[in-house]
Amino acid sequence: VAVSGCALLRGVGGPLFGWPWLPPIEDDLSPGSLQAAIASTAPVWERRGEEAERNAALTLLSILESTIDPTERLRQIERVFESRRVGRTVLLTAYYEPEIAGRLTPDQRFAHPLYALPRDEPGALPTRGEIQSGALAGRGLEIAWTDDPVALLFLQIQGSGRLRLSDGRVVGAHFAGTNERPYTSIGRVLVDDGLLDPRHASADDIRRVLAGLPDEQRRAVLARNERYVFFQLTDAAVKGSLGVPLTPGRSVAVDPRLVPPGSLAYLVTPRYRRFVVAQDTGGAIKGAHIDLFLGAGADAERTASGTRERGRLYVLAPRT
């Protein structure tokens, strides 16, 4: 049985606002990227029996393609969807696929392992500190090695990325799971310890401070975040928690308690005005916090590092 629009919106935070509260509908990204995000999500809707969601998304694409006037777009979209705003505002950040140097066999320089997810492990998986101290060593779980523990940390924070090997090949290092331990922001740890000025706490600032710490002190700082991410090596496109490939600029990570996974939504911030699809989650994504996937490469990294702004998110569901 298809889930109705009202059921999809049940539990979404914030008061109900009609579309007239929104400005005329505009979209600042190529139509093809939205089409790709909807196409990748369609099998999920079909598997869930949510034909109404799939059909409404296809209708949205048709409206955007055939209707140029933003006010008329608003009128037509309002006939298809009901909406609910998430909170008064949302915090928008961004994430990307980092690329780091890697090797498939260790040496004196490439000595920091990426681990596969332990299978059939009795009891709780070890903490980050325990893993750093060798709790998983020698069990054949190492799948690659890198030369930079700070770069490895940021690969884990982003959840997935790429390894550039010595022969120039690039292989995906994708999220395979976590140890399900509590997540603690390393930036917050550095601020609390007086090692980082809270007024200058960007990703680049965190990297710089961590890189400058003695090895033992850095290991102790990192161990304060018990959460540890495991990887798998693959040539496939990076996928989010919904199990579908992510689309740069369109896929967002959300708190599933506020935004139902697979939802279409409309995002409005000082920099962005576009339709997005909830295809991912994250350990640091709690409450009215949205994380926009920007793809891979240096440009994506620079943009993601500078993205932190307030805006509005409207979750959409087909009218019944």
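Okay, let's start with a pairing: strand E2, residues 90-97, runs antiparallel to strand E13, with 4 bridges joining the two. Bear in mind that this is a predicted model. Within that pairing, Leu 92 sits opposite Glu 309 of E13.

Which other strands pair with E13? Strand E1, residues 81-85, does, in the antiparallel sense and over 5 bridges.

How many turn up in a search of the whole structure? The count is 19. I'll walk through a few.

Back to Glu 309, as promised. Its side chain meets that of Arg 271 in a salt bridge, 3.4 Å from N to O. Glu 309 is in strand E13, while Arg 271 is in the loop between E10 and strand E11 (273-280), so we've got a link between distant parts of the chain, 38 residues apart. Is Glu 309 buried or exposed? Buried, at 11% relative accessible area. Arg 271, on the other hand, is partly exposed at 41%.

Next one: Asp 147 with Arg 109, where the closest N and O atoms are 2.7 Å apart. Asp 147 is in the loop between strand E5 (142-146) and helix H6 (149-158), and Arg 109 is in the loop between strand E3 (99-101) and strand E4 (112-115), so this pair ties together parts that are 38 residues apart in sequence. On accessibility, Asp 147 counts as partly exposed at 24%, and Arg 109 is exposed at 54%.

Last pair: Glu 301 and Arg 207 form a salt bridge, with closest N and O atoms 3.1 Å apart. Here both ends are in helices, Glu 301 in H10 (residues 298-305) and Arg 207 in H8 (residues 203-212), so the pair ties together parts 94 residues apart in sequence. Glu 301 is partly exposed, at 28%. Arg 207 comes out at 19%, and the cut-off for buried is under 20%, so Arg 207 counts as buried. And which residues make up the network around this pair? Asp 204, Arg 207 and Glu 301 are linked in a network of salt bridges.

That's me done, thanks.

Technical notes: Residues are numbered from 1 along each chain as its sequence is written. This is a predicted model: local features need pLDDT of at least 70, side-chain atom pairs count only at pLDDT 80 or more; totals for chains, interfaces and linings use all residues. Side-chain values use heavy atoms; hydrogens and water are left out. Two strands pair if DSSP finds at least two bridges between them. A salt bridge is a side-chain nitrogen of Lys or Arg within 4 Å of a carboxyl oxygen of Asp or Glu. Buried means under 20% relative accessible area, exposed over 50%, partly exposed in between (1.4 Å probe, protein chains only).
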